[in-house]
Amino acid sequence: MPVRRYSCKNLLIISTLIILGLSTAIGVYSKEAAMKSTNSSTEKFITKHMTNANGTLATYLKPDTSTNPDIVAGREALSESLGFWMQYAVMKRDQALFAHGYQILESKFLTPEKYIVWKLEPDGRAKVNTNALGDDLRIIDSLLNAAQLWKKDEYLSTAREISDTLQMYVQNGGYFVDFHDFSRHESPSTLSLVYVDIAALKLMRDNQLIDSGTYEQYARVISEMPDDGVFYPKTFDVHKLEYSFDNQINLIDQLIVGMHRAKLGQKPTALLSFLKNEFRENKTIKGRYNRATRVAEVSYESPSVYGLAILLALECGDKEWAKQLHKHMITLKNRDNSYSGGYVFNKNTHFFDNVLPLLAETAIQIP
């Protein structure tokens, strides 16, 4: 910070400015300190009940065994979960929490070839040889934000290593694709739109991890994608350059894609109107809908859906609706007295159904 010298006649003015400056600094510090000292009951639940002995984050509360290596079960850990947790630490400005997540990334998920395995066994062993693009971009996003926030060059360096691996291997037809099998050296031609993390890609461009042309390519994928009047497509075929819709609509996917669109300044108006109407008429938003009939195909409510809907509402500047959703979302918490702070149903829960509400609870507190 530059040092300035002043004459005596300015002393009173400067003294006043110093006092005002200190007041502002104290206000900023108090805000950051308050964020860091906020001991959310959901954060405590995750730390106590959703964390394995080796520090990895369990996908489900209940132990179980996966019969399909492509499907996660029980206490297996996902890179997706780690990415959300690291983003939470950045949002909360909790340097110690982020450093712990970074240590888990480095010691458990990041391979010598510098790709992130998408899934670990409960004991921390990797039995898969594939990454997941969306998870990687989310982790890169958190690393770049943390590097800027705490001036840590190692976070930037790790983000660059992961980015270089994506550009070298996880591509097909000049586009990033969903994953690369590092054992078979194969990649699909599918790019899931939920994986096109515009915020992360923008940060990568700003930090010279990708060039402007690369960023614009993905911005066009999101900005030019069609909708069916409400819902967005599921995938983009990088060879045919065609979008595809699912007949069954997973609202988690739709909300994340809507967030990508909003990050480009294109508010997902039709999707938001549909969600608001659902909530107004039925007092709930369900987790899955039929694309043709727009009717819910499941009876359950998903805390993840509410968490993402709150984040999307905040991104679009609609804090009033975010507050309405938040008021309803927290009624789903603490329904099992054995798991204070958790969104637990029938003695089980998914990590998503806790971390996404936690992100929403934290974001809604930010002025």
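Two strands are taken to pair if DSSP finds at least two bridges between them. In this predicted model, β5 and strand β6 (residues 235-237) meet that condition, since they pair in the antiparallel sense over three bridges, and within this pairing Leu-191 has Phe-236 of β6 as its bridge partner. Strands of a sheet pair through backbone hydrogen bonds, in either a parallel or an antiparallel arrangement. The two strands belong to an open sheet of three strands, ordered β5-β6-β7, in which the pairing is antiparallel. Because β5 (190-192) and β7 (242-244) stand at the edges with a single partner strand each, one side of each is left without a neighbour in the sheet. On average, and with direction ignored, neighbouring strands of this sheet are turned by 30° against each other.

Helix α9 comprises residues 251-263. At 1.5 Å a residue its 13 residues should span 18 Å, and this agrees with its end C-alpha atoms, which are 18 Å apart. One of the buried residues is Asp-253, which counts as buried because its relative accessibility is 17%, where the cut-off is under 20%. Neighbours within four places in sequence being left aside, Asp-253 is in contact with Val-194 and Lys-234.

At the start of α9, a side-chain oxygen of Asn-250 comes to within 2.9 Å of the backbone nitrogen of Ile-252, while just after the helix Gly-265 adopts a positive phi of about 80°.

Notes
Residues numbered from 1 in each chain as written. Predicted model: local features only at pLDDT ≥ 70, side-chain atom pairs only at ≥ 80, totals over all residues. Heavy atoms only, no water. Helix = DSSP H or I, 4+ residues; strand = E, 2+ residues; numbered from the N terminus. Axes fitted to C-alpha atoms, helices over the stretch in contact; angles between N-to-C directions. Buried < 20%, exposed > 50% of the residue type's maximum accessible area, 1.4 Å probe, protein only. Contact = heavy atoms within 4.5 Å. Expected span 1.5 Å × (residues − 1). Polar contact = N/O pair within 3.5 Å; in protein donor to acceptor, adjacent residues only side chain to side chain.
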